[in-house]
Structures are given as structure tokens and as C-alpha cells.
Amino acid sequence: MVSDYESAKKSLLTLQDLSVRQFFDRHGCVLELAYCKLLDDDLEGAKELFELKKDEDIRAHWGAILISLIKNDIREYPSYFELRNFLEIDLDILISYYKGDYVENILRYADFLFNINPEVYKFIGRVLYNNGLGEQALFFLRRAKDYFYNDPELHYLLAYVYYEKGDIQNAVHFLKTCLKVLPQYFPAKNLLKKIPN
């Protein structure tokens with residue numbers, strides 16, 4: 001049984017543990033309880049809780065939009081900063097809890113979300129890669145490259161995905177491109193050293 005907020009939050013985020021719901025309920029943690037309901041497939045319950053706080057809390061406002069994306073029922077737009085701050089984190093949580101259908105529904109709106117925040121493709125690609133979905137990550141990272149060619153992190157991510165696939169030629173290409181954009185980008189320099197000439 002968790003005894004403090006930080007432990008309960010960590011359990012929710014990293015341990016795939018919805019037993020913390022009781023803690024959040026007892027302590028009036030509305031947003032956290034809404035996430036528990038979302039992860040327990042109670043979309044209506046989650047939406048009700050997010051709606052309670054959405055006018056006073058940006059995270060709750062985003063939560064309500066997240067539910068609408070999952071339910072394919074968009075009624076308002078997320079902000080640039082909501083996408084920047086929360087999209088990647090929430091996709092990671094949903095993947096961790098094996099909510100692939102929710103993730104698919106959200107990714108159907110990638111182009112729509114891109115129009116609000118052009119970094120969305122990179123965020124999606126990074127979270128997919130970090131969850132072992134390299135091929136799917138490449139799809140979004142390539143799309144991001146078409147709009148943010150001068151983003152060194154993006155080229156590094158592409159290089160790393162190719163490197164892990166064993167496609168050394170593409171890995172080297174993107175590492176060199178990364179270093180053209182930012183010559184001192186240490187992760188790219190370090191990875192390039194690992195690749196035999």
C-alpha cells in the first residue's frame with residue numbers, strides 16, 4: 001500500500017499499477033484518478049473528472065482532449081504547449097499499459113496535431129522508438145525531417161534507428177547530416193565513433 005503521493009504517482013507511471021487508485025481517491029487527486037480510470041478503460045469516468053478541472057488546469061484540459069482523440073470525437077483543439085508537454089508522455093503511458101487501440105486512434109490525428117505543433121511527428125517517432133517500435137518510429141521521423149531538416153536531434157534519432165536495424169549506410173548519412181547542422185552534437189559524434197569505417 002502506497003503511503004505518499006510521489007510513490008503513488010511513480011507506481012502509476014512506471015509500474016503499471018492501478019491499485020494506487022484508492023490512494024488518489026482518498027486524497028482527492030482528481031487528475032491522477034482520471035488517468036487511472038482512463039487506463040482501466042472507463043473513458044466516460046475519466047472524461048468527467050478531466051472536465052471538472054479543465055478550466056483551471058492545463059493538464060486536465062489536455063486530458064479531456066486526449067479522451068476525445070481516443071473516442072474519435074474532437075470538439076476542441078489542443079494548444080501548441082499541451083502537445084509539447086503531454087503528448088509524448090501520455091503515448092508512452094498508454095503503450096506501457098498495452099492500450100494499442102487508444103494509441104492507434106490518437107495517431108490517426110497526427111496530421112491534424114501537426115498543424116497545431118509541427119514537432120508532433122518527432123514526438124510520436126521518439127516515443128514509438130523508445131518503446132521498441134522502430135519501423136513505426138521511422139515513418140514519423142521521416143515525416144518530421146521533411147519539415148525540420150535543421151533539427152540535429154531528429155537526424156540523430158533517425159541515425160540511431162537505422163543503426164539498430166543494421167543499416168549502417170543510412171545511419172552514417174544521418175549522423176553526418178546531424179553534425180553538419182550542429183558539429184558538436186556529442187551523441188552523434190559518439191555513435192559515429194562506434195561505427196567501423
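How many of the residues of helix α3 (residues 30-39) are buried?

1. **Helix α3.** Eight of the 10 residues in α3 are buried, so the helix is mostly covered, where buried means under 20% relative accessible area, exposed means over 50%, and partly exposed lies in between (1.4 Å probe, protein chains only). The buried residues are Leu31, Glu32, Leu33, Ala34, Tyr35, Cys36, Leu38 and Leu39. After α3 comes Asp41, with a positive phi near 65°. Helices here are DSSP runs (H or I, at least four residues), and strands are E runs of at least two, numbered from the N terminus.

2. **Basis of the model.** This is a predicted model, in which local features need pLDDT of at least 70 and side-chain atom pairs count only at pLDDT 80 or more, while totals for chains, interfaces and linings use all residues. Residues are numbered from 1 along each chain as its sequence is written, and side-chain values use heavy atoms, with hydrogens and water left out.

3. **Ala46.** This residue lies in helix α4 (residues 43-53). Ala46 counts as buried because its relative accessibility is 0%. Leaving aside neighbours within four places in sequence, Ala46 is in contact (heavy atoms within 4.5 Å) with Ala34, Lys37, Leu38 and Ile67. Ala34 and Leu38 are among the buried residues of α3. Leu31, another buried residue of α3, is 15 residues from Ala46 in sequence and 8.6 Å away in space, C-alpha to C-alpha.

4. **The nonpolar core.** A nonpolar core is a set of buried Ala, Val, Leu, Ile, Met, Phe, Trp, Tyr and Cys residues joined through side-chain atoms within 4.5 Å. The largest one has 68 residues. Within it, Leu38, Phe50, Trp62 and Ile124 touch the most other members. Helix α5 (residues 58-70) gives the most to this core, with eight residues. Take Ile124: not counting residues up to four places away in sequence, Ile124 touches Leu87, Leu91, Leu107, Ala110 and Phe140.

5. **Salt bridges.** How many salt bridges does the structure hold? There are 17, each a side-chain nitrogen of Lys or Arg within 4 Å of a carboxyl oxygen of Asp or Glu. Lys37 pairs with Asp42 at 3.7 Å, N to O. Asp42 is partly exposed, at 31% relative accessible area. Lys54 pairs with Glu51 at 3.5 Å, N to O. Here Lys54 is buried at 16%, whereas Glu51 is partly exposed at 34%.

6. **A bridge between helices.** Glu135 and Lys165 form a salt bridge, with the closest N and O atoms 2.5 Å apart. This pair links distant parts of the chain: Glu135 sits in helix α10 (residues 134-145) and Lys165 in helix α11 (residues 152-165), 30 residues apart. Glu135 is partly exposed, with 48% relative accessibility. Lys165 is partly exposed too, at 45%. Elsewhere, salt bridges with shared partners join Glu88, Lys122, Arg126, Asp151 and Glu153 into one network.

7. **Aromatic pairs.** Rings of Phe, Tyr and Trp (its six-membered ring) pair if their centres lie within 6.5 Å; planes under 30 degrees apart count as stacked, over 60 as edge-to-face and the rest as tilted. The count is 14 aromatic pairs. Tyr129 and Tyr160 are edge-to-face because their planes lie at 80°, with centres 6.0 Å apart. Tyr129 is in helix α9 (residues 120-130) and Tyr160 in helix α11, so the pair ties together parts 31 residues apart in sequence. Tyr129 is buried at 16%; Tyr160 is partly exposed at 24%.

8. Tyr156 and Tyr185 form a tilted pair, 5.9 Å centre to centre and 50° between the planes. Tyr156 lies in helix α11 and Tyr185 in the loop between α12 (168-181) and α13 (186-194), so this pair ties together parts 29 residues apart in sequence. Tyr156 is buried at 17% relative accessible area, and Tyr185 is buried at 18%. Phe114, Tyr121, Phe139, Phe140 and Tyr147 form one aromatic cluster. Phe140 also touches Ile124.

9. **Surface patch.** Which residues make a nonpolar surface patch of about 300 Å²? Ile58, Tyr80 and Phe81 do. Patches are made of residues with over 30% relative accessible area and no salt bridge: like charges are joined within 9 Å, nonpolar side chains (Val, Leu, Ile, Met, Phe, Trp, Tyr) within 5 Å. Areas come from the Shrake-Rupley method with a 1.4 Å probe; for residues, only the protein chains shown count as cover. Tyr80 is in helix α6 (residues 80-96) and is partly exposed at 33%.
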